[in-house]
Amino acid sequence: MSSAVLGARNLSGCEHRLALDFAERGDAAASDVSPEARRRIEAAQSHRASVIATLHGFQSGQPADTIVTVDDGPHRDRVEQTRRAVESGAAWIFRAALPTDAGRGRRGHAEALIRHDGGYLPVIIVNHRVTTPTSPDRPADAPAPTLRTSPLWGWLPELDGTRSFRSQRRDVLRLSHLAAMLDDLGWGVDAADRWGGLIGLDADCIVAVPLTAAMDAYAEAFARRRAVVDGQVRTGPRRVAECRSCHWWPRCEAELVERRDVSLVVGGSQSLVLQDAGIVTVDDLATHRGDPPADWPGAVSFDDAIVSARCWVDGLPLARRGDRPYVRRADVEVDVDMESYSERGAYMWGTLLTDTTDPDRDVRYRAFVTWDPLPSVDEGRSFAEFWAWLSAEREAAHAAGKTFAAYCYSQQAENRWLRGSADRFHRVVPGVPSRAEVDAFIGSKEWVDVFEAVGRNFVCPRGKGLKRIAPVAGFGWRDDEASGEASMEWYAAAVALDGAPQDMSQRDRLLVYNEDDVRATKVLREWMSSDAVLDLPSSRDLLSH
């Protein structure tokens with residue numbers, strides 16, 4: 001019988017990471033040790049503590065013995081407090097610790113247990129958004145809402161047409177894990193009507209997550225993970241998205257490079273297909289002749305995979321797809337870069353204005369920023385100022401008979417906070433546009449995603465991130481430590497999220513970092529429009545050799 005005990009966080013993510021954690025450390029409870037991981041953990045702990053305090057405040061008028069908050073202390077003592085609260089029939093049990101089940105291999109804790117139908121259902125608090133506001137202009141024939149939410153002060157779930165659920169597998173797995181533990185203890189609710197509660201970053205409701213149908217998928221995932229830990233499922237390094245933040249990556253990368261593993265140049269699912277077809281190394285792929293494997297993912301070009309492999313072998317940073325790359329240009333150009341902090345909001349909108357028709361007009365960097373810790377209404381103020389400035393420059397260009405374009409690098413992030421800011425602040429902060437106004441701008445030809453243009457014009461064997469591509473165009477960041485991960489640490493210090501005095505130097509550092517990002521976008525798109533880009537080999541030439 002396996003002796004491994006898994007927590008809910010062990011049920012998702014890279015299987016090889018899980019295997020290494022248990023093989024090397026005997027456990028995976030505290031495997032994240034990077035600064036970014038610590039930041040996420042600390043931010044989540046702070047958010048949970050704040051929400052629990054809010055929930056407890058709603059129950060202040062209830063009899064003391066029906067509302068129990070488990071104290072800090074050794075796990076054994078916390079479990080005993082939780083057990084006594086359950087036996088007494090407490091209505092709410094905050095910070096509940098469940099007894100470790102060594103036999104079944106489970107451990108877990110819940111931010112709250114709510115008494116319901118003679119048992120308890122788990123509530124977890126997460127540091128990301130779990131719902132998205134629905135448009136107030138929903139058409140009459142739109143599907144009926146299926147999401148159920150409950151007020152924070154009690155378990156009263158009802159259909160909610162004002163929100164849609166942003167489901168994440170790991171949240172559902174954790175709730176299912178806790179529900180299974182409660183069932184095993186005899187503390188659960190009716191298995192035919194099993195629910196869990198989920199409170200997200202906005203902490204404005206409890207999302208009622210149906211778990212009855214989710215339990216089979218959970219059981220399958222749990223059994224698979226136990227088999228990985230027990231060594232019954234063989235794992236090995238393979239480059240996937242999670243590698244970017246994994247503490248094992250330096251070790252895995254060295255092994256992958258040594259064996260020239262094909263996953264270094266293609267995505268995770270593609271590498272599995274290639275390996276099944278006997279294409280194991282980058283060199284195998286680079287020299288491949290013939291058709292792609294029968295089950296090659298249709299959305300991905302097999303020719304691009306071969307070109308990426310040949311670039312990797314020859315040490316080439318990029319290959320042109322066609323004779324001359326194209327990115328839309330305009331008379332008046334504005335480069336935009338947004339800085340956000342996790343799920344909390346966007347605190348900075350940096351801009352760089354260039355008027356290509358007026359050489360005497362300065363290329364000007366301007367940032368619209370709030371230093372109030374997010375989330376904050378002042379975020380709406382800075383966004384309103386950014387939008388007013390951008391709209392004024394756009395309208396002035398049109399009035400002068402000039403073309404206009406605004407550029408970003410990977411609009412997925414910018415669009416998320418353009419729309420999110422409109423949704424949150426349109427009726428709260430003067431000057432914030434409506435969702436319809438934002439969508440009209442995003443959908444126009446004047447909003448250009450340089451990241452998409454790079455993907456359309458180049459094959460990028462080592463990724464399409466701005467900090468990988470812009471140096472090919474000759475751009476370098478002034479701060480050697482500049483990265484999205486580092487900026488999170490700088491922001492936390494700049495606004496004193498950790499309770500220490502505000503570090504004003506980090507505000508200056510963030511402004512320099514943001515300015516460099518917008519300048520990198522400008523340099524890259526201008527390089528794409530120049531003859532210098534023709535020095536790169538074309539994918540056609542690489543495929544013909």
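Why is strand S15 (residues 404-408) largely enclosed by the rest of the structure? In this predicted model, local features require pLDDT of at least 70 and side-chain atom pairs count only at pLDDT 80 or more, while totals for chains, interfaces and linings use all residues. Residues are numbered from 1 along each chain as its sequence is written, and side-chain values use heavy atoms, with hydrogens and water left out.

Strand S15 is largely enclosed because 5 of its 5 residues are buried, that is, under 20% relative accessible area with a 1.4 Å probe, protein chains only. Phe404, Ala406 and Cys408 cover one face of S15, and Ala405 and Tyr407 the other. Strands (E, at least two residues) and helices (H or I, at least four) are DSSP runs, numbered from the N terminus. Pairing requires at least two DSSP bridges between two strands. S15 pairs in the parallel sense with strand S12 (residues 332-341) over 4 bridges, Phe404 being the bridge partner of Val332. A parallel pairing over 3 bridges also joins S15 to strand S16 (residues 447-449), where Trp447 stands opposite Ala406.

Beyond its neighbours within four places in sequence, Leu113 is in contact (heavy atoms within 4.5 Å) with residues including Trp92, Ile93, Tyr120 and Leu182.

Methods. Buried < 20%, exposed > 50% of the residue type's maximum accessible area, 1.4 Å probe, protein only.
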